[in-house]
Amino acid sequence: MIDLKDIRKAFDGREVLKGITTSMEPGKTNLIIGASGSGKSVMMKCMVGLLRPDSGSIHYDGRDFLGLQHKELREIRREIGMLFQGSALFDSSTVQENIEFPLKMFTKMTPAERLDRVNFCLEQVHMEGINSKFPAEISGGMKKRVGIARAIAMDIKYLFCDEPNSGLDPVTSRVIDELLMEITQEFQVTTIINTHDMKTVFDIGDKIVFIYEGQKWWEGKKEEVRQSGNPELQAFINASYFG
Ligand SMILES: Nc1ncnc2c1ncn2[C@@H]1O[C@H](COP(=O)(O)OP(=O)(O)OP(=O)(O)O)[C@@H](O)[C@H]1O
Ligand SMILES: [Mg+2]
């Protein structure tokens with residue numbers, strides 16, 4: 001469980017997160033939805049430590065993320081996997097080297113152990129045998145899968161994905177959604193996904209958090225979304241389908 005309490009963040013005096021309190025459920029897909037510019041990416045960056053909130057608290061299974069010292073912070077960092085907007089693979093490294101990267105950084109595994117782990121992760125995303133390919137040689141959907149394989153290379157507890165479907169066609173988007181759901185359930189990770197893809201929401205969303213102008217405007221289960229009675233959420237959903 002990740003608990004956020006009253007998270008605030010301003011840039012140049014303009015507050016973009018206005019006191020967000022919510023939680024990310026373990027073993028579930030937690031979907032953060034909202035219009036472009038509402039603050040989803042900033043919220044995610046605060047959660048993983050890429051940005052420091054101006055105030056508020058973030059607890060990772062009871063551990064005070066913003067108050068921790070270097071060593072304990074490193075411990076949580078190794079439990080976090082991230083899939084960035086775009087695939088953000090290293091272009092001059094092979095698929096294998098890309099997936100190995102966190103293993104080299106955080107573990108003392110031998111090359112043989114790393115190879116085993118890389119192959120295991122490639123199996124998880126149904127991409128066996130592409131170890132020696134370079135990112136330029138594979139499709140956008142395959143890059144996303146390699147990004148997921150890299151994100152789960154460490155034995156992670158928390159998986160963050162910022163717009164995992166951006167730039168993908170609808171069929172490939174569904175494949176990525178399925179993979180994220182499978183991984184969440186199989187490894188019981190706390191998965192957080194930023195998206196404005198309503199198909200993703202209704203296909204794989206366990207918990208939905210709707211961000212509106214830097215505030216948590218609504219949260220609940222996907223089954224409750226349509227009957228939320230929340231005008232802004234309703235407008236957001238309608239715009240997603242017809243806009
Ligand atoms: N480093 C930064 N410096 C200044 N302003 C920023 C910075 N990062 C984000 N912002 C601003 O914060 C607001 C929220 O941005 P954010 O990227 O979180 O939106 P988003 O909900 O992720 O949008 P999208 O759906 O387009 O990805 C925007 O107005 C953005 O311009
Ligand atoms: Mg964003």
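Guide: Helix axes are lines fitted to C-alpha atoms over the stretch in contact, and the angle between two N-to-C directions runs from 0 to 180 degrees. The model discussed here is predicted.

Visitor: At what angle do H3 and helix H4 pack, and how far apart are their axes?
Guide: Helix H4 covers residues 111-124. H3 and H4 pack at an angle of about 115°, and their axes are 10 Å apart. In passing H4, H3 makes a right-handed crossing.

Visitor: Which residues of H3 and H4 meet?
Guide: From H3 come Gln 96, Ile 99, Glu 100 and Leu 103, which meet Arg 114, Arg 117, Val 118 and Cys 121 of H4.

Visitor: Why are H3 and H5 called roughly parallel?
Guide: The axes of H3 (residues 95-106) and H5 (residues 140-151) cross at roughly 30° and come within 8 Å. Angles under 35 degrees count as roughly parallel. H3 and H5 are therefore roughly parallel to each other. The crossing in which H3 passes H5 is right-handed.

Visitor: What makes the contact of H3 with H5, and how do its residues divide?
Guide: H3 contributes Val 95, Asn 98, Ile 99, Phe 101 and Pro 102, while H5 contributes Val 146, Ala 149 and Arg 150. Six of these residues are nonpolar, one is polar and one is charged.

Visitor: How do you know that H5 is roughly parallel to H6?
Guide: H5 and helix H6 (residues 170-187) have axes that come within 10 Å and cross at roughly 10°. The limit is again 35 degrees, under which an angle counts as roughly parallel, and this makes H5 roughly parallel to H6. H5 passes H6 in a right-handed crossing. On the H5 side the contact is made by Gly 141, Lys 144, Arg 145 and Ile 148, and on the H6 side by Thr 172, Val 175, Ile 176 and Leu 179. Four of the contact residues are nonpolar, two are polar and two are charged.

Visitor: How do you know that S1 and S2 pair?
Guide: A pair needs at least two bridges. Strand S1 (residues 2-11) and S2 are joined by eight bridges in the antiparallel sense. Ile 2 has Met 24 of S2 as its bridge partner, and Arg 8 stands opposite Lys 18 in S2. Two residues separate the strands in the hairpin of S1 and S2, where Asp 12 takes a positive phi near 50°.

Visitor: What makes S2 and S5 the edge strands of their sheet?
Guide: The open sheet has four strands in the order S2-S1-S4-S5, with antiparallel pairing. Strand S2 (14-24) and strand S5 (63-64) each pair on one side only, and that puts them at the edges.

Visitor: What is the order of the open sheet of six strands, and what is its pairing called?
Guide: The order is S6-S7-S8-S3-S9-S10, and the pairing is mixed. Its edge strands, S6 (80-83) and S10, each pair on one side only. On average, and with direction ignored, neighbouring strands of this sheet are turned by 15° against each other.
Guide: Two of its pairings may be set side by side. Strand S3 (residues 29-33) runs parallel to strand S8 (residues 190-195), with five bridges between them, and Ile 32 has Asn 194 of S8 as its bridge partner. Strands S9 (residues 207-212) and S10 (residues 215-221) run antiparallel and are joined by six bridges. Ile 208 stands opposite Gly 220 in S10. S9 and S10 form a hairpin with two residues between them, and Glu 213 in its turn has a positive phi of about 45°.

Visitor: Which residues are around ligand 1?
Guide: They are Phe 11, Val 16, Gly 34, Ser 36, Gly 37, Ser 38, Gly 39, Lys 40, Ser 41, Val 42 and His 196. A residue qualifies if its C-beta atom, placed from the backbone, lies within 6 Å. Helix H1 (residues 40-48) supplies the largest share of this shell, three residues.

Visitor: How many residues of each class has the shell around ligand 1?
Guide: Three are nonpolar, seven polar and one charged. Gly counts as polar in this scheme.

Methods:
Residues are numbered from 1 along each chain as its sequence is written. Chains are lettered from A and ligands numbered from 1 in the order in which they are written. This is a predicted model: local features need pLDDT of at least 70, side-chain atom pairs count only at pLDDT 80 or more; totals for chains, interfaces and linings use all residues. Angles under 35 degrees count as roughly parallel, over 145 as roughly antiparallel, 65 to 115 as roughly perpendicular and the rest as oblique. A crossing is left-handed if the near helix is turned anticlockwise from the far one by less than a right angle, and right-handed if clockwise. Two residues are in contact if their C-beta atoms, placed from the backbone, lie within 7 Å.
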